[in-house]
Amino acid sequence: MANRILLVTASYDNTIRSWDVNSPTQSQAFKHQGQVNALLVTSDKEHIVAAGNPEITFYDSNATSANPTHKFVGHSSNVTGLGIDARNKWLYSASEDKTCKLWDWRGAQGCQRNFNMGSEVTTIVLHPNQGSLICGCQDGTVRIVDLIADKEFSVQCTEETDDNGIRSVSVSPDGSCLAAVGDSGKCYIWNIKDGMPVLEKEFKAHDGYALKCLFSPDKEKLATSGADSLIKIWNTQNWELSSCLEEHKEWVWDCAFSGDSRYLFSGGSDHKAILWELAVELPVREFQAHKSTISAVALNDAILDSSLLQKPAQAENTKIVETVTKTGRVIKRQVVVQ
């Protein structure tokens, strides 16, 4: 099963779905009580892990059962982010209970380390050097925890108000850049080559809330999404806007790149998940089975081999139509002729 493509979505409808990329109407559903704030697929694609309230829940991606295999209990409020280190030794998590935790992800020893961050933690990533946790917080700060030196320092991004929190952080694969977005709609870029963040760029990414930022594996792109229903792709060489993906109708909560950076998987409040081919700025697949907001998505970290993604030929009863969006962009779509 190593070459399979694993696309996963979580929704407020209390289900997590694993999709067949070539059969968008077919999915395996897992039961999950309550909202899911973040998802991950393990590198071997054997497990799906969900950050909920207040538990971390594990599912066997190959199982016929819709029930979870086990849970991590230790946070006292919403778990807002999680991930696994490169050696598959431990899992890290963040929560609105103002803590970050490290776990023996195989479950034998449970929570191994606990860090009090002093503010609700809304998002978390692990630096590529595997030695630092980077957290975004509700008080508008980005905080970096040095796991080796056991020290923490913070950068104030926004004015300290209750409605100006950081929603997402991302680190470039080479560890040179740190990005953050938040309630102001702004994106912040820091140079972190020398350890301490130096602000390099600040720009308005979205009207209203910015909800997600993510570097592509090749470091050439930064994707952001927001409450304005848009996904924007930024050129990391000059931070100029490269493209704008406009198929979603409501808030876009999450997105994930394929391993070769050619595809992006997104989910939003319109109950829809979309797989995009970035070179042509078009949806390749749309996945619709959820009955409520899609709050989190995950795409396995293997390269999405085009030989596995069967592109439908243009049938005789279809045609290509062009539409102009509200921002003036021309989008081409293949539609069925009735």
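## Overall fold

Of the chain's contacts with a separation of 6 or more, 44% join residues 24 or more positions apart; contact means heavy atoms within 4.5 Å. The chain has 0 helices and 30 strands. Both are DSSP runs, numbered from the N terminus: helices are H or I with at least four residues, strands E with at least two.

Buried residues account for 54% of the 338 in the chain. Buried means under 20% relative accessible area, exposed over 50%, and partly exposed in between (1.4 Å probe, protein chains only).

## Model and confidence

This is a predicted model: local features need pLDDT of at least 70, side-chain atom pairs count only at pLDDT 80 or more, and totals for chains, interfaces and linings use all residues. Residues are numbered from 1 along each chain as its sequence is written, and side-chain values use heavy atoms, leaving out hydrogens and water.

pLDDT is the predictor's confidence in each residue, from 0 to 100. The chain average is 88, and 86% of the residues score at least 70. Residues 312-318 stay under 50. For that stretch the model has 13 contacts beyond four places in sequence.

## The largest nonpolar core

A nonpolar core is a set of buried Ala, Val, Leu, Ile, Met, Phe, Trp, Tyr and Cys residues joined through side-chain atoms within 4.5 Å. The largest one has 15 residues. Cys100, Phe115, Leu133 and Leu147 have the most contacts inside it. Strands S9 (90-95), S10 (99-104), S12 (121-126) and S13 (132-137) each give two or more residues to this core.

Leu147 touches residues including Trp90, Leu102, Phe115 and Leu133, with neighbors up to four places away in sequence not counted. Arg113 is also among its partners.

## Asp150 and Arg113

Asp150 sits in the loop between strand S14 (141-146) and strand S15 (151-156). Beyond four places in sequence, Asp150 touches Arg113 and Phe115.

## Cysteines

How many disulfides does a search of the whole structure find? The count is 0. A disulfide here is a pair of cysteine sulfur atoms within 2.5 Å. The sulfur of Cys187 has its closest cysteine sulfur in Cys213, 5.9 Å away, so the two are too far apart for a bond. Cys187 is buried, at 0% relative accessible area. Cys213 is buried too, at 1%.
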